[in-house]
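This report describes how the parts of one model meet. The sequence and structure come before the account.

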Amino acid sequence: MTRGPILTAALLIGTAAAIPAEAKTDISWWHAMTGANAEVVTKIANDFNASQEDYEVVPVFKGTYPETLNAGIAAFRAKQAPDIMQVFDVGTGVMMAAEGAIKPVADVLDDAGMTFDKSQYLPGIVAYYSKPDGTMLSFPYNSSSPILYYNKDIFEKAGLDVNAPPKTWTEVWDMARKIKASGAAPCGYTSTWLTWIHLENFAAWNDVPYATNENGLAGSEAELEINAPIYVNHFQALADLAKDGTFKYGGRTSEAKQIFLAGECGIFTESSGGLGDIVKSGMNYGIGQLPYDSDAEGAPQNTIPGGASLWVFGGKSDETYKGVAAFFDYLSQTDVQEYLHQTSGYLPVTMAAYEATKESGFYEKNPGRETPILQMMGKEPTANSKGVRLVNLPQIRDIENEEFEKMLAGQQTAQQALDNAVERGNAAIQSALGQ
Amino acid sequence: MNRATFPHRLLPYLLVAPQLAISLVFFYWPAAQALRQSTQREDPFGLATQFVGLANFRAVLSDPAWLNALRVTVVFSAWTAFLSMAIALLLATQAEKLIRGKDVYRTLLIWPYAVATAIAGMLWLFLFNPSFGTLAWPLRQIGIRWDPLLNGTQAMGLVIAAAAWKQISYNFLFFVAGLQAIPKSLLEAAAIDGAGGARRFWTITFPLLAPTTFFLLVVNTVYALFDTFGIIHAVTGGGPGRATETLVYKVYNDGFVNLQLGSSAAQSVILMAIVIALTAIQFRYIERRVHYG
Amino acid sequence: MAEGMVGASRSGQWVAHFLLVIGVIVVAFPIYYVTIASTHPIQTILRPPLPLLPGDAGLANYAEAIGGGVGRIGGVGVGRLLWNTTLVAVSVAVGKIVISIASAYAIVFFRFPLRMVFFWLIFITLMLPVEVRILPTYKVMVDLRLIDTYAGLILPLIASATATLLFRQFFMTIPNELLEAARVDGAGPWRFFRDILLPLSATNIAALFVITFIYGWTQYLWPLLVTNSNSMNTIIIALRKMISFADADTPWNLVMVTCVFAILPPILVVVLMQRWFVKGLVETEK
């Protein structure tokens, strides 16, 4: 028994897998999609490959978002970069800073003779992945937006109106207290991604600045402004609710979803992309818009996308770029976008796909699915709501999370937590800029 | 120790060559690259590189976060090595006492050894996640405010438990092996002299186990320092705050996630120096005191 | 067992059994738990806490996983994943043993310039885990064109300070008389190695095979980095690929089944080989 594998191993060592000669041009696509979303990636690539003769898109899973980004960077340094790489939203700043390493998607499409008509795309999403002058740098693949979910059974037990989800944060706090006090559930409210939902989207949705220089979009020299009173009040409310368990902290990323799924909390804020698991669990759930701060003028403004986009590396052959352009063209087709949107819970990238989905009656059958789109499209983005772009946003999020955790553990007040986050965050930005 | 040897000039070099070649290509050369990188400031893509001398080292050594990671590492490694070895030794001495059933227990106790750290982390997370963990519920029932997501001490306890859990099997097997090698006549003689169980253990068994214990100490320390990365990554991600961020996790996080290559490289160089020093000390002062047959 | 009955009083036996049963419960519970989870439908898994007894979805889950469910998500089926992982684990184990026994033999039975330098050079590699030197090592792999090959998966994992250390410890216990007698008989280094040392080391080799097989089987970060094609995935990576705490809806029932598949083969190796494994350790530690 053991002999076979050993012999084969000995034979295989030293003979690098031979690549069969093919007339097709291979386009490598490194991605970080798991579970059902990985199936979608495979299906899209297969369909594209079947749709034409010249190019073969080869999707490769490279780990989590940070792992994929790092694998791509390591490969670039070793001159082995993939053609297309999926980079998560917070990695956008990193990729933008690497001008010599990437080729803007707008250029890829132009060079291939395709006209890129911006008006066909959802404005909020395209703005996020464009340079200040409007050049689109990466192709939005999976975009999501934070929305509110609530457990209708718990609402009923707590004597709340099952068809009236909270609209403002004050209403969330009140309902959460009622849920806890009535014993309908051990906890009122929980949330995934405090940094993305309660800071970055909180800023955009309430139209308040997150950092100077248009949140870093107008220039990389940016200073955090997240210790303004509106943030302090918001987080102090959270910290107070955390004391008796009315608010329950689940973790830095999406872990809190399990708390909501377990029926432990009545109200929940999370990415629109998280809907799949909630549907599968069989819970009697409802969906509402992301709450806003009733003290903020002009709220609700618009939310900003999370998720990831596809970047194209520089220094590839013209043939490769033509293939990439053909693939992006295929991706923008209405039926492909419709499929992507309806299966994965991510937002459609083009207006046409949105309209088509609307006409098909999909949103009537799946009411919550339109909410994130409406949130993002509601108003023309302001200087505060186009997104946040810092050279080291992943690191800033780490710092913010650390301070929040100390605050929620009762070791410091919201004011202290946010002051510390600003001070440490600014130092980190300066150091990342090389000063 | 005077060891009889073969007189040969070339052969020994040929024998160490494969091991050495692989070590040089896949360990020393990359390590040299890390050393070079630790003196540079560089953007992630390697488009602009600047020599900065020892600035990265100065920055790391004066960084409170790094000093915190050092403290966390010491606490974590000491507890993990101690717990897994102590439990394993306890179980091994109990198994050694048994007249029958020894093999059954051994078979049941060695499972975790075969579990990948990445999976071990996942399993413990399923069990002890404060909201849906199956074992978190009874903890709360007996009045413990179980919340490792915010309570640093509990988070540390959880990763230590998971890390020690995985290593119990390995240590158990080595201790059983070590115990079996101890001449029973020695213990019987001591028993006839009237030495009680505890005394026999501390005066005969424990000293004679020294070679095993020493070997395990090295292996467990290295394990706690490096191989537990998967567990910390899966269970706490270094949090809450920075309560479970060990030196290796910080190297990974700063280099791999935050893309601060120079600082991360400097940290790995410091880490290598620490570990090399530790090993040298262990060999110099501990190996002399253990008995080889 | 003919040994004396030291510490084998009746109450002592009960205490020993009691402590060992607790030990077994602690040690085996997480593994029992995932096995139980793999027999429940996804709705039950998604709504913890999980029951502690098997559910009725076991057959359905396993049938789905084997019948293409895993392949749909991971790109390749369970069979291929298990084959890749086995190949890597076996090659790493064999490679490690061969080069470690050779270098330990040289270090213990020969006196030559730089001997201890070599020993230290090998020993220190114990301290340089992949996580710490990942970027430069990756560059080496690219330069050597080893990305996406089995050689790339295996070679860097073969260098082994632990195995060299173990063989060294064992060789040092070989009595001088044995070697002197062999030399009097006119045996050269090769004959001594083949006729005396190798048979004596058989159980050690078996023990090390288990240790290094497990090591190869459980690798995660390295295979993730050096493989690009799905068909080169190991089962640990495929498992990671299936799990998402983020946006996607994760097929938790299939995850649990894959988890069992990933844990079971190495457990079998350990359990089935434990006799030699333990014996090897005993002889090393004399």
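How many residues does the contact take from chain C and from chain B?

## Basis

This is a predicted model, in which local features need pLDDT of at least 70, side-chain atom pairs count only at pLDDT 80 or more, and totals for chains, interfaces and linings use all residues. Residues are numbered from 1 along each chain as its sequence is written, while chains are lettered from A and ligands numbered from 1 in the order in which they are written.

## Chains C and B

The contact takes 77 residues from chain C and 85 residues from chain B (two residues are in contact if their C-beta atoms, placed from the backbone, lie within 7 Å). On the chain C side, helix α1 (residues 10–37) gives the most, with 13 residues (helices are DSSP runs of H or I, at least four residues, and strands are runs of E, at least two, numbered from the N terminus).

By class, the side of chain C that touches chain B has 54 nonpolar, 15 polar and 8 charged residues. Ala, Val, Leu, Ile, Met, Phe, Trp, Tyr, Cys and Pro count as nonpolar, Asp, Glu, Lys and Arg as charged, and the others, Gly among them, as polar.

## Chains A and B

Chain A gives 28 residues to its contact with chain B, and chain B gives 21 residues. Elements of chain A with two or more residues on this side are α3 (65–77), α4, α12 (256–261) and α19 (393–408). The most come from α19(A), with 7 residues.

## Domains of chain A

Chain A is divided into domain 1 (22–144 + 305–360) and domain 2 (146–303 + 386–432), with bounds from an automatic or database domain assignment. Their C-alpha centres lie 29 Å apart. The contact takes 16 residues from domain 1 of chain A and 17 residues from domain 2 of chain A.
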